Amino acid sequence: MEGALREKIEKNRFILGILGLGRMGLPIAIKFASKKVQVIGLDINESLLRSVSSGSMPFKEENTQPLLREALKSKKLEVTSDEGRLGEADVIIICIGMSLDEEIRPDFASIISALKTLKPALHESQLIIVRSTVSPGTCVNVIKPFIEEQTSLVVGKDLFLAACPERVVEGSVMEELETLPEIIGGVDPASAELAAAVFAKLGKEKSAVLMDSTSAEVAKLFSNVFRYVRFAIANEYALIAEHYGVNAHQIISTINKDYPREHIPLPGPCGGPNFSKDGYFLLENAAIPDFILNAWKLNENIPAYIVKRLRERLKEKGKRLEVCKVGVLGMAYKAEVDDLRQSPSLRMIEILKKAGARVYAFDPFCSSDGLDTVLKDADAVVLMTNHSAFREISPAYAKKQAKKDCIFFDAWGMWDMKEWSKEKMDLQVFGGPPLS
């Protein structure tokens with residue numbers, strides 16, 4: 001079984017199935033198709049399938065549009081909602097998101113649903129790769145038993161299984177798929193070696209680190225949670241700087257400049273589809289002291305903290321938040337993408353609306369109100385996503401559009417305080433002293 005599949009992979013004669021064509025699945029489908037691999041992409045979202053079939057990317061991702069059109073033209077990529085088509089695949093990559101349940105514990109419902117979809121398509125000499133971020137032990141404790149109980153196949157003998165977690169960053173997926181080392185976790189050595197052979201097709205510089213599947217699952221979570229905790233430290237530094245009346249952005253930039261060791265990230269609203277849940281995945285059933293949860297609480301509460309500061313500043317001017325117009329700059333969860341999932345900006349908008357404020361939002365990458373609409377006669381304006389375009393908003397232009405006593409709140413320290421001071425603007429900075 002293993003030898004036949006290995007030969008197909010090495011000679012590029014295998015068919016690759018992708019289950020889930022979202023922000024993780026579609027780019028990897030396009031990338032493999034660009035490497036002359038025959039790809040079948042499966043998704044239940046008919047609107048997405050129509051968009052992809054017409055050669056139009058359903059979301060923003062650099063350098064994917066021309067590759068998508070070429071893949072369709074060469075017929076190396078097919079997309080479908082027909083679950084039976086995955087039976088043609090020699091290798092199947094699962095790109096289905098996993099979430100938390102109501103008790104904030106790992107919810108395996110989406111993984112089980114994906115496996116039920118795959119069940120009729122499973123056959124001998126096949127490799128299943130889990131690309132999703134999952135709870136440790138998912139491959140050996142959930143997926144392997146399901147396959148062996150629901151079919152006559154034995155994992156590691158008839159069919160192979162590996163965890164190969166996604167490591168790329170939105171906006172750089174096409175480049176990083178070719179260059180970043182892959183973490184390959186097989187439930188057995190043969191599964192790991194086969195998965196490594198598949199990903200070797202992505203680029204000459206592609207390397208892989210082989211380990212067991214649970215180690216690979218933990219490695220992904222270690223990486224994400226480490227970044228999340230670092231952001232929490234930066235945000236706590238911002239709160240400390242405010243306490244002392246100094247500017248955290250200036251201090252951190254000074255510390256980082258020309259310094260050869262680890263750099264401190266700048267503070268700002270932190271969110272996204274993985275950060276908020278990965279700590280819970282990692283700590284499930286782990287009876288250990290936990291500062292990861294504290295980091296989560298700190299990051300998640302930044303939007304509420306910004307609203308609190310706005311409310312206090314408006315009160316100083318004799319205004320009530322409940323009757324004010326508040327403009328929000330940025331809706332995506334991070335810079336230069338159009339992804340709204342778990343966005344701190346959306347959380348803040350929800351808090352503002354519940355408080356009774358009239359809220360308008362502008363994002364150059366998402367469907368939103370126009371910039372002039374957001375600024376016009378605003379009582380307060382908050383820069384929530386650090387898109388580079390917002391750096392170009394001049395204080396003179398903002399002053400002309402908004403109310404004379406408008407409060408501008410910069411959650412990322414992007415605006416030049418000296419320039420805004422010249423215009424006598426009321427600029428508040430997260431992690432910095434007020435300018436008024």
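Close look at one part

A: D377 counts as partly exposed because its relative accessibility is 42%; buried means under 20% relative accessible area, exposed over 50%, and partly exposed in between (1.4 Å probe, protein chains only). This is a predicted model, in which local features need pLDDT of at least 70 and side-chain atom pairs count only at pLDDT 80 or more, while totals for chains, interfaces and linings use all residues. Residues are numbered from 1 along each chain as its sequence is written, and side-chain values use heavy atoms, with hydrogens and water left out.

D377 sits in the loop between α15 (371-375) and β13; helices (H or I, at least four residues) and strands (E, at least two) are DSSP runs, numbered from the N terminus. The phi of D377 is near 55°, a positive value in a residue other than glycine. Most residues other than glycine have a negative phi. N63 also has a positive phi, near 65°. N63 is placed in the loop between α3 (46-53) and α4 (65-73), and its 56% relative accessibility is why N63 counts as exposed.

Five strands make up an open sheet with parallel pairing, in the order β12-β11-β13-β14-β15; two strands pair if DSSP finds at least two bridges between them. β12 (358-362) and β15 (426-429) are the edge strands, each with a single partner strand, so one side of each has no neighbour in the sheet. On average, neighbouring strands of this sheet are turned by 20° against each other, direction ignored. Axes here are lines fitted to C-alpha atoms, for helices over the stretch in contact, and angles run from 0 to 180 degrees between N-to-C directions.

β12 pairs with β11 (residues 325-329) in the parallel sense over five bridges. L329 has F362 in β12 as its bridge partner.

α13 (residues 302-316) lies across β11, β13 (380-383), β14 (407-410) and β15, where contact means heavy atoms within 4.5 Å. The angle between α13 and β14 is about 155°.
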